[in-house]
Amino acid sequence: MEWANAVVQGLLLGGLYALLAAGLSLMFGVMRLVNLAHGALAIVAAYLGYVLVQNTGLPPFATIIVVIPVMAALGWVLQSTLLNTALNKQALAPILVTFGLAVILQNLMLQLFTADYRSIQVGDLAGASIQITPEIAIGVFPLITFIVGVIVIAALQQYLARTKTGRAMRATSDDREAATLMGIDNKRIYALATAIALAIVGVAGIFIGIKTQFNAYSGDTYLIFAFEAVIIGGLGSLWGTLAGGMILGVATTVGAQLFPSSGTLLADLVFLAILAFLPTGLFPKVVNG
Amino acid sequence: MALLEVESIDVFYGDFQAIYGISLSVDEGETLAVIGANGAGKSTLLKTIAGLSRPSAGDVRFDGTSIATLPPHKRVPLGIALTPEGRRMFPSMTIEENLLVGAHKSRPGPWNLESVYATFPLLSDRRSRLANNASGGEQQAAAIGRALMCNPRLLLLDEVSLGLAPVVVEQIYASLPTITAQGTTVLVVEQDVMHALRVADRVQCLLEGRTVLEGTPAELTRDQIATAYFGI
Amino acid sequence: MSLALSDNTAGHRAQVHRSTRASLVGLVVAVIVVVSLAYGPFAFLTKGNQQNLTTLFIYIILGTMWNLLAGYAGMVSIGQQAFIGIGAYGIVYASDILGLGLWIGLALALVISGIVAYLVSFLAFRLSGGYFAIGTWVIAEVIYLLTTQINTLGAGAGISFTAFRGYKPEIRIAVVYWIALAAVVVAVAVTYLLLRSRLGAGFTAVRDDATAAATLGVNVTRSRRIAWVVAAMGCGLAGTLLAMTTLNVQPGSVFKIQWTAFMIFIVIIGGVGTIEGPIIGAIVFYALERYIGDVGFWYLVILGIIAIAMVLFLPKGLWGLISGNGRLRLFPTGYRLTSPLPTPIANGTPDSREGESS
Amino acid sequence: MSESQLLSVRGLSKKFGRVVTAEDVTFDVREGEAFGIVGPNGAGKSTLLNLIGGVIDPDAGSIEFGGRDITRLKAANRAKVGIARSFQIPRPFVDMTVFENVYVGSSFAGGTRGQHGYDRAYAALETTGLLGLAETPAGQLRLLDRKRLELARALATGPRLILLDEIAGGLTEKEIPPLIDTIRGLLASGVTVVWIEHIVHALVSVVDRLMCLAEGRILALGDPHEVMRSPEVIEVYLGTTFDIDEGRAS
């Protein structure tokens, strides 16, 4: 069954989309900032992983040890300087600034790495698969991606629910002013949220780099997927985001069978249909702050 | 010695002047009630002490040091906690999580989850309920408990009785002596004059951003208060 | 129906001026510039000049349209490339495939852009702010991907534009140049007239405070929709010009998001919320692209940095600097009350204002 | 309903969740009258204004305006039949001049375009004393003039009824008399005014009748001074068991 296989592959792909979406969702949730540079930042991480593998011989998955702290630091600095300034300016400023940032990053990467496609090589793992039924085989790498996606989302969920700073983040998201009355420094919380968001994007970037060939502009598609997963899942719901990612993943793999030349078309159409008929997403946030 | 001194502050929202040269001081351990009709500037006064508003003139001193330019989150560790008007609970979090957020910058002291639940028994069975689904009285008790969790030296209470049934207001005010017994200084802002008079050592009445009447509850007459309250 | 004010107006007829000396001078200068540009191909403009100016005109149209959306109606779209593509494919389809010829093809391309924009608005307007921005982009992606599914339009490979077949190159270049000049005049004039109309006041009111505007009878959604449809038709017009200049429409090129990036840079550099800003911005942007474009993609990096700096520190753009924050208006859209002059009795306020400052 | 009633509110009720903000509210406002509403915070004054203005729909009851049932009419259309409102916190269009702000009112809700619209905007500025500031950008106005601008914009829509939401709030002692003069000017031009206000002395000096609300219900309605002196009203303001002597004894 070609179709059943596509669905299984799609569900696994959803883990990657959810990874991308989690960071976008976190930043929007905590500071109502829509980060249009999110996709470009994922590709920055992918190139970082690529360079590390090429130059240091580090095993592909091990690059995460370097990429996560680098991306987190980048997020912290970006938020403390540029983005906090933008949030204090006129209403359109954050959108325009993150869009400008995306253009800067893309063209910087284009200049450094040309428009040629690259990928992070993992050798045999790329083709390895587990045969479930004669028709359905699960790729080992997609499975790893999915598991990592679920683990990261579960960890983020636990962090927000159980830790002191996680609670401070949710409090800031609910009512920023009331949070400052609890002694919470919202600028610090914002910087931390962006650092975490970019750390997660860093992980996603490495997986993108291993999964497919990428170039400087590849981030655009991933930003769109991340955004769609957030909207489908409902704002503020991380498990909803995972479900949204899986719906999109299935739509992508099934769509690739239907329209071989426009693989993402069906996913975009599914998104638009959900937007038209379920404007609050599949898992609307239980409360509104 | 005065724990809090507010010295002839002016406060604006944009070009809207909410406070005209108000001064007050509260001694350590004292309870001061600020009363006045809505729009009198009471909430703005508390916001200015907590750091949500900045005075354009005058000074706010806490324990002898000027805090007028400190952001709110840096005032909490000094021991200033505000229960804001409208309670401002974090709606997507449970009652207990709200209390825990209150302990974000906790100082050493008697208040913790246990002692808050002991003081407000109605919260105890509601601890895992979402704040958004709690009743007004539960929210108000939780909002006070949340402010106590940082073990403040100065507790600012804004319109505790607002929108609550009289019996609930009674319950909440009944817990105030427990709080002051810990030596906590309290500045309470109320529309409900009777409750304010019952708990206060001293009363100050504001009208349209100015102090129009001041004294101990025993000194003030009903007519004085009515006149000061309405300005007619 | 009692109109409470009818008695009060008995003695007065309010005189309102809608133009200034600067705007009259501006109009004269604009006419002179347009007329000389129109005459240019006969005298002083080489083929190369004409092609360059055509590109500049396209940029002015794009900037003007994005400014109408973001600067006046407060909507940041990053999906305007959808309408560039629709315009480009529309004119090829109508002129060549349906065989309607250049002019009807051009008109039909604009109509299609407008209709698609109108339909799409019902989806896009469900989102707001940053999510509206990405939502418009998704819609643009879908339109792009759908186009590549249509074999009549050349699917993924693109399609040639043949309406100019048989023209000598220098004639074709001049004709396209004139069409582009006419298009830029029409785009700026339509925007200007729209903003000068009652609707223009409504746009500004909605942007400043949508709730207050609604209570004063402004239909907020309708005025946003009008701005959206007009901006789409303007981008469609730019798309038809692209088809005329490249003679070959490729989906990956007409639908690329870089077009919207250009629009945003043009408007931010020139100044948002004025007619003059995008024109200045387009000239500066074009000059930068042309003269620092040879450092490769660095020029886009530099433009990005400039744009971010301007958003944060010079939000009124270059025209804001030149005009002294709006005092000089070549294209005034406002209403200047010039008479009758207020009587001293009615004019009590400045006195009390002095009293306050003392 | 008698000929002279402009606004008739019958049995109006509204709940938000468990909170009752209006319960069986019934009253009439006469054409040309100045009608004041007071009540402690949370009494349901703003809800009532929003119900009349069409910002929210009632759970029960009806609203008639000029003999026509408008209970289900949308906010924008109520503006067109002649109900205008001012906002508690002024919401000027900051990038437009004072004149342009007012022209939005006269040309959209007022439906008078071009010269006719200019004339009406001019007259609204004259009535509210803003003519001297007609060319000032609205963002530069100080508070009193912003409040006047709220009035002028509302007036320019050609209303029969203006709803004022705490228009005196935040003004200085010196600024209130000029504002009251402006409101008297509105009344003199024949407009009916319904005015919610916390600054009681300002309200009492203008209105013909006063209504006091508490917990969504009408507590008293009648002569302004009598209403403010009535024991129920004093009690609801100063506390449920207000008695100074008892307080002293305890």
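This is a predicted model: local features need pLDDT of at least 70, side-chain atom pairs count only at pLDDT 80 or more; totals for chains, interfaces and linings use all residues.
Helices here are DSSP runs of H or I covering at least four residues, numbered from the N terminus. By that rule C:Trp137 belongs to helix 5 of chain C, which spans residues 129-147.

**A tryptophan in chain C**

C:Trp137 has a relative accessible area of 4%, and it is classed as buried because that value falls under 20%. Which residues is C:Trp137 in contact with, once its neighbours within four places in sequence are left aside? Its partners in chain A are A:Asp220, A:Leu223 and A:Ile224, while those in chain C are C:Ile78, C:Gly79, C:Gln81 and C:Ile257. The C-alpha atom of C:Trp137 is also separated by 7.5 Å from that of C:Ser77, although the two residues are 60 residues apart along the chain.

**How the chains meet**

Four pairs of chains are in contact, and among these it is chains C and D that share the most contacts. Chain B and chain C, by contrast, are joined by no contact, their closest C-alpha atoms lying 12 Å apart, and no contact joins chain A and chain D either, where the closest C-alpha atoms lie 13 Å apart.

The size of an interface is often given as the accessible area lost when the parts come together. For chain D and chain C the buried area is about 4200 Å², with 60% of it on carbon and sulfur atoms. Within the area that chain D buries against chain C, 17% is supplied by D:Phe108, D:Tyr122 and D:Arg142, which is more than any other three residues supply. In terms of residues, 51 of chain D are in contact with 42 of chain C.

Between chain D and chain C there are four salt bridges, one of which links C:Asp209 to D:Arg91, with the closest N and O atoms 2.8 Å apart. Eleven residue pairs in polar contact are also found across this interface, counting pairs with both residues at pLDDT 80 or more. On the side of chain D that touches chain C, two or more residues come from each of helix 2 (75-81), helix 3 (98-107), helix 4 (114-127) and helix 5 (143-156) of chain D. Helix 4 of chain D gives the most to this side, with nine residues. By residue type, the side of chain D that touches chain C is made up of 24 nonpolar, eleven polar and 16 charged residues.

**A sheet in chain D**

Chain D holds an open sheet of four strands in the order 2-1-4-5, with antiparallel pairing. Strand 2 (19-30) and strand 5 (68-69) of chain D stand at the edges and each have a single partner strand, so one side of each is left without a neighbour in the sheet. Strand 1 (residues 5-16) and strand 4 (residues 60-65) of chain D run antiparallel and are joined by five bridges. Along strand 4 of chain D, D:Phe65 is the bridge partner of D:Leu7.

Two residues other than glycine with positive phi values are set out below.

Key
Residues are numbered from 1 along each chain as its sequence is written. Chains are lettered from A and ligands numbered from 1 in the order in which they are written. Side-chain values use heavy atoms; hydrogens and water are left out. Contact means heavy atoms within 4.5 Å. Buried area is the accessible area (1.4 Å probe) that two parts lose on being put together, summed over both. A salt bridge is a side-chain nitrogen of Lys or Arg within 4 Å of a carboxyl oxygen of Asp or Glu. A polar contact is a pair of N or O atoms within 3.5 Å; within protein, one must be able to donate a hydrogen and the other to accept it, and residues adjacent in sequence count only if both atoms are side-chain atoms. Ala, Val, Leu, Ile, Met, Phe, Trp, Tyr, Cys and Pro count as nonpolar, Asp, Glu, Lys and Arg as charged, and the others, Gly among them, as polar. Buried means under 20% relative accessible area, exposed over 50%, partly exposed in between (1.4 Å probe, protein chains only). Two strands pair if DSSP finds at least two bridges between them.
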